[in-house]
Amino acid sequence: MIDGPLIVGAGPVGLSAALLARARGLPAHVVEHLPAGAAKPGSRAIFLHRQTIQTLAAAAPGLADRMVREGLVWAGRATYWAGRRVHHRRHAPMPAGLAPYVCLPQPRVETLLRETAVRAGVTFAWHARADEVTLLDDSVLVRATDGRQWCAAFVVAADGAGSTVRRRLGIRMDGDARGHAFVVVDVADDPARPLPAERVFHYRHPRAAGRNVLVVPFAGGHRVDLQCRADDDPAALAADPSAWLRPLLPAGHAGEITWSSHYLFRQAVAETFTSGRVLLAGEAAHLFAPFGARGLNSGIADAAAAVDAIASVGTDGPGAALGALADYDRVRRAAAERNRAAAGKALAHLTAAGPHRRAAQRAAAVAARVLPRAGAWLDRRPFGPRDAGIPGSLY
């Protein structure tokens, strides 16, 4: 039996859980299917909200400060309709300690988390793919494909969208499996012709054959999201992005395309976030649309709640596990359902399904010429509503 929680997955959610456990005085052991130091391509999740920054600040001294120093806060944001700007807002510079968010590529976030975890005494089993999960009366046995095995009082499953732990436990994902396709491309900064450090959303971009386009700056480059049409081939667009991407960039922009991929805008939540003494966290528990930055941030909120639940069992004595796990399932599933609903509203707006939504968007675009709040509405809607009433519900 190992001491402390066993965490399956060394992504940002699993690493955050390990650091938060150490901050609570608990040992933490992480099992990861990739080799130590394996590089992951692309910027992936780039947006850390203030609540996440605060959570990481509590996990390890100096960690959040370093992420804020290395990351980027946008200089502003803008929205266009068919090439015409309908909204623009510049952001006043803020002291680093008051940053409302920071944009930093996920691989760099993971590196900082991993280095901090090693210094904090977290132990790792690398290149160990979890394969079997056995629920015991007061513990969980996890066996890897190479025969290594671990027994722990609690397991935090943070092994991603294709979670082996979740599947071995027979937990279903409830939600829309059809998805809506997007292509994502990373473009490195071009010092000679830099793009503004602004988040820009284009409705019906005239240089993208009327598709919607999102451009988000992060430390070191920009992310470009192209919303595909029903008859597009997302794999082909991702395989050769230069043909459609270059017309969207300023003339002569020489920024290198460093990564491209495609994904489905899926909406799914696990039917339960717990089974026995296993707690699901992050994409093992829920899948959201990328707009609104709900996935990574909500996953780190899951990690914090999971560690709180595990730590409370040790504080409250025998018999507390059942209640702590039930509370975790209830609170974090409620947050996930709120996120799914918010992302669903963003999806409905982005796809403009139905004549009423299309008419509302066109009317707002026309009204934005004289009514700034109409342009502000178009600016907000692709990212879904915010709900600050439930901690972690949005992020």
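Which residue takes a positive phi in the hairpin of E15 and E16? I went to that turn to start my notes, keeping in mind that this is a predicted model.

**Entry 1: the hairpin and strand E16**

I found two residues between the strands E15 and E16, and Gly220 is the one with a positive phi, near 105 degrees. Strand E15 covers residues 213-218, and I see six bridges holding it antiparallel to E16. One facing pair I noted here is Val213 with Leu226 of E16.

On strand E13 (residues 181-188), I again see antiparallel pairing with E16, this time over seven bridges. Val184 sits opposite Asp225 of E16.

Next I asked myself: is E16 buried or exposed? Seven of the seven residues in 221-227 are buried, so E16 is largely enclosed by the rest of the structure. I then checked which way its residues point. Side chains in a regular strand alternate between the two faces of the sheet. Here Gly221, Arg223, Asp225 and Gln227 point one way, while His222, Val224 and Leu226 point the other, and all are buried.

**Entry 2: strand E4 and its partners**

I moved on to E4, which covers residues 76-81. Five of its six residues are buried, so E4 too is largely enclosed by the rest of the structure. E4 pairs antiparallel with E5 over six bridges, and it runs parallel to E14, joined by six bridges.

**Entry 3: helix H11**

I looked up what H11 (residues 372-380) hides, and found Ala374, Gly375, Ala376, Leu378 and Asp379 buried. Those buried residues pack against E4, E5, E14 and helix H10 (355-367).

**Entry 4: the second largest pocket**

How much space lies in the second largest pocket? I noted about 370 Å³. It has 20 lining residues, and Leu195, Pro196, Val200, His202 and Leu248 are the closest to its centre. E4, E5, E14, E15 and E16 each give two or more residues to the lining, and E14 gives the most, with three. By type, I have twelve nonpolar, five polar and three charged residues in this lining.

**Entry 5: the cavity**

Which residues line the largest cavity? My list reads Ala10, Glu32, Leu34, Pro35, Gly37, Ala38, Lys40, Glu110, Arg114 and Trp126. They divide into five nonpolar, one polar and four charged.

**Entry 6: a three-stranded sheet**

My last stop was an open antiparallel sheet of three strands, in the order E12-E18-E21. E12 (173-176) and E21 (286-287) are at the edges with a single partner strand each, so one side of each is left without a neighbour in the sheet. I see four bridges between E12 and E18 (residues 267-270), in the antiparallel sense, with Asp176 opposite Gln267 in E18. Helix H9 (residues 321-351) lies across E12, E18 and E21, and I noted its direction at about 170 degrees to E18.

Notes: Residues are numbered from 1 along each chain as its sequence is written. This is a predicted model: local features need pLDDT of at least 70, side-chain atom pairs count only at pLDDT 80 or more; totals for chains, interfaces and linings use all residues. Side-chain values use heavy atoms; hydrogens and water are left out. Two strands pair if DSSP finds at least two bridges between them. Contact means heavy atoms within 4.5 Å. Axes are lines fitted to C-alpha atoms, for helices over the stretch in contact, and angles run from 0 to 180 degrees between N-to-C directions. Buried means under 20% relative accessible area, exposed over 50%, partly exposed in between (1.4 Å probe, protein chains only). On a 1 Å grid over the protein atoms alone, a cavity is a set of points where a 1.4 Å probe fits but cannot get out, and a pocket is an open set with protein on both sides within 12 Å along at least five of seven lines; lining residues have an atom within 4 Å of a point. Ala, Val, Leu, Ile, Met, Phe, Trp, Tyr, Cys and Pro count as nonpolar, Asp, Glu, Lys and Arg as charged, and the others, Gly among them, as polar. Grid points are joined across faces, edges and corners, and a volume is the space filled by probe spheres set on the points.
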